[in-house]
Amino acid sequence: MKIPIGRIQQFDRLKKTSFFMLLVFSVYATSFAHSASTADFLVLNSEDTLYGIVEYINSKRVSPEFYKKIRVTDENGKRRQFKQKDVSAFKADGKVFESYWLSQTSDKIVLINPKYDIDSEHGTQYFLRLIRKGELSHYQWEWWEQGESTLMWMALLRKKEDQFFIRATQGLLGLKKKVLTDYFTNCPELKEKIEKKELNEVWQLVDFYNNNCEY
C-alpha cells in the first residue's frame, strides 16, 4: 500500500517536533539538576532547607567575622535572617559549613590542643567548613585574628563514629604525626605510611583511610 507523500511529510514533522521537545526537556532537566546542586542553601535545626543567596561574613570590619545572624535572600528578593544557634548547615559561594558545638577540657578553646569534643551542652558553636565527607571526614576551622584581614584555618579530622575532632596539622610544620599515629591505631598500614613520611598532606590521609582501612 502506497502512503501519500503528505502523510510522510506530516510524520517527519512529528518526529522532528518530538525529538526537539525531548532535547529541550533533557537540557532543562540537566540545567535544573545543575542549578539545584550548585545553589546556596541554609538548613535550620528544624531540618527546613531554604534556597537563595546566603551571606555569612561581615567583611566591612578590619577583621572579617561571621554575622551573628546569617542571611538568605530568595529568588524574589526577600531576605530572612536567622540566629547562628538556629542554623545547622549552609552553603555559600560553593563552600559548605556545618555547625558543631565544641569544647575542650580547659575552660576555653585553645588552638594548640589536638582534640575538640562535640559537646552540645557545654560547648561553643562553630561553623566548620566541610572539605570531604566519608568514614573519615575532613573539615577546616576558619577564623581571622584580631586586627588582621588574612583568613586563618586549621585542618580537623573526624571518624564517623567519633564524638570529637582531632587537629591534623601544626601550621607550617606539617602533619601532627604523633597525634595522627595515635588516632589511626585501627589502620596499621596508614600509621606506617605517616611514620615513613609517605603521606604528607591531609587529603592523602583522608583518601587512604576511606579507601583502604577497616572501619
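**View 1. Strand 10 is largely enclosed by the rest of the structure, because 9 of its 9 residues are buried.** Buried means under 20% relative accessible area, with a 1.4 Å probe and protein chains only. Strands are DSSP runs of E with at least two residues, helices are runs of H or I with at least four, and both are numbered from the N terminus. This is a predicted model, in which local features need pLDDT of at least 70, side-chain atom pairs count only at pLDDT 80 or more, and totals for chains, interfaces and linings use all residues. Residues are numbered from 1 along each chain as its sequence is written, and side-chain values use heavy atoms, with hydrogens and water left out.

**View 2. The side chains of strand 10 point two ways.** Leu136, His138, Gln140, Glu142 and Trp144 point one way, while Ser137, Tyr139, Trp141 and Trp143 point the other way. In a regular strand the side chains alternate between the two faces of the sheet.

**View 3. Strand 10 pairs with strand 11 in the antiparallel sense over 9 bridges.** Two strands pair if DSSP finds at least two bridges between them. Gln140 has Ala155 of strand 11 as its bridge partner. The hairpin of these strands has 6 residues between them, and Gly147 there takes a positive phi near 80 degrees.

**View 4. Strand 9 runs antiparallel to strand 10, joined to it by 3 bridges.** Arg129 stands opposite Gln140. A hairpin of 3 residues connects the two strands.

**View 5. Helix 4 spans residues 202–212.** Its buried residues are Val202, Leu205, Val206, Phe208, Tyr209 and Asn210. Among the elements covering them are strand 10 (136–144) and helix 2 (177–183), where contact means heavy atoms within 4.5 Å.

Technical notes
Buried means under 20% relative accessible area, exposed over 50%, partly exposed in between (1.4 Å probe, protein chains only).
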